[in-house]
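This briefing goes with the sequence and structure shown below. It starts with a single residue and then turns to the chain as a whole.

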Amino acid sequence: MSSSLPIRKIIHVDMDAFYASVEQMDNPDLKGKPIAVGGGGKRGVISAASYEARKFGVKSAMAGNLASKLCPDLIFVRPNFERYSEISKKIRTIFYDYTDLVEPLSLDEAYLDVTKNKKGNPSASLLAREIRERIFNEVGLTASAGISINKFIAKVASDYNKPNGQKTVNPEEVIAFLETLDIRKFYGVGKVTAEKMYQKGIFTGQDLKLKSLEYLNKNFGKSGRYYYDVVRGIHNSEVKANRIRKSLAAERTFSENLSSEVFMLEKLDHIAQEVSKRLKKSNVAGKTITLKIKYSDFTLQTRSKTLPYYLSDKSIILESAKALLYQEKLSNSVRLLGISLSNLNTETKKKPEQKTVSVQLKFEF
């Protein structure tokens, strides 16, 4: 790996089965048992599964009825996002004891740039271990971590020794680590892309590295450059503290398919109310409203409209969503509706350029 590339000390912390682990922590009767957060009812979808449930093949985004067939003893738990948010804030408080460069990706994972840290500790690996120990002792949950020179490798590494483990990829190990990695493990390579790569004989990082930039651009479009760079350990995206929210949304999956717009109006009313509540809680408003429609055959359609003013009021959101609903005839019965607001009035403040560290391959991790 070229020592001329910018090298940072990045930690990616990923909580282990976060929602399910919180439920097991709060209810000791659930410990050691296969549980699924969400997924109850005939049309429910699972938000998270405990490791006991994962042994049976149960996973997030799976239909609850399928999960029940895979694991007959599965226990469904209603999600409590206020509680998850409360625990997440406690965990982030720990992060900020080490660095102000914290970029949350969701309630249960975040990047930390500890190149320069508040502890004055040159070892990112030791800092990651200390952070994980503090999360366990002060919050009661386990976390896994990946440590490396950039965000991409750190995120890939955090999944390596799950649960309750960590993996450090030192600068001199980066290329070998990526070459032997299954292409499905590459962050940013989804199921469809992985299948396409398999069809083209790309199974590992080494296979990917043999492909030219021209080949990758031709076969994977604008993602070609990304794949070309990351397999060579190149990913210069900085840890962005206080990420700017780009959109805000709410959606509902129905217990029965809805076949008429008339039956959907009451559902849209509740969804618009939730979106308005979230906008006001975040003190933001948006100009572009999008209606999401998922049909009974799982095809997805979105309809959008940009207004000349910012809105957060429920009544205006609802009327705009209604107009989009009646914009054209539905192509099938509907199983899900969602409303999102984007083009928000959040200002992107330019941060001072973060200095990169000039190092040799003996850079201490």
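In this predicted model, Gly 120 is exposed, because its relative accessible area of 61% is over the 50% cut-off. Gly 120 sits in a loop, with β6 (109–113) on one side and α5 (124–138) on the other.

**Around Gly 120**
- Asp 97 lies 23 residues away from Gly 120 along the chain, and the C-alpha atoms of the two are 12 Å apart.

**Fold and dimensions**
- The protein chain contains 13 helices and twelve strands.
- The C-alpha trace spans about 65 × 55 × 45 Å along its principal axes.
- Of the contacts between residues at least 6 apart in sequence, 65% join residues at least 24 apart.

**Burial and surface**
- Buried residues make up 44% of the 365 in the protein chain.

**Charge**
- The protein chain carries 60 positive and 41 negative side chains.
- The centres of these two sets are 3 Å apart.

**Confidence**
- The mean pLDDT of the protein chain is 89, with 93% of residues at 70 or more.
- Residues 348–362 have pLDDT below 50, and in the model this stretch makes 18 contacts beyond near neighbours in sequence.

Notes: Residues numbered from 1 in each chain as written. Predicted model: local features only at pLDDT ≥ 70, side-chain atom pairs only at ≥ 80, totals over all residues. Heavy atoms only, no water. Helix = DSSP H or I, 4+ residues; strand = E, 2+ residues; numbered from the N terminus. Buried < 20%, exposed > 50% of the residue type's maximum accessible area, 1.4 Å probe, protein only. Contact = heavy atoms within 4.5 Å. Lys, Arg positive; Asp, Glu negative; His and termini not counted. Charge placed at Lys NZ, Arg CZ, Asp CG, Glu CD. pLDDT = per-residue confidence, 0-100.
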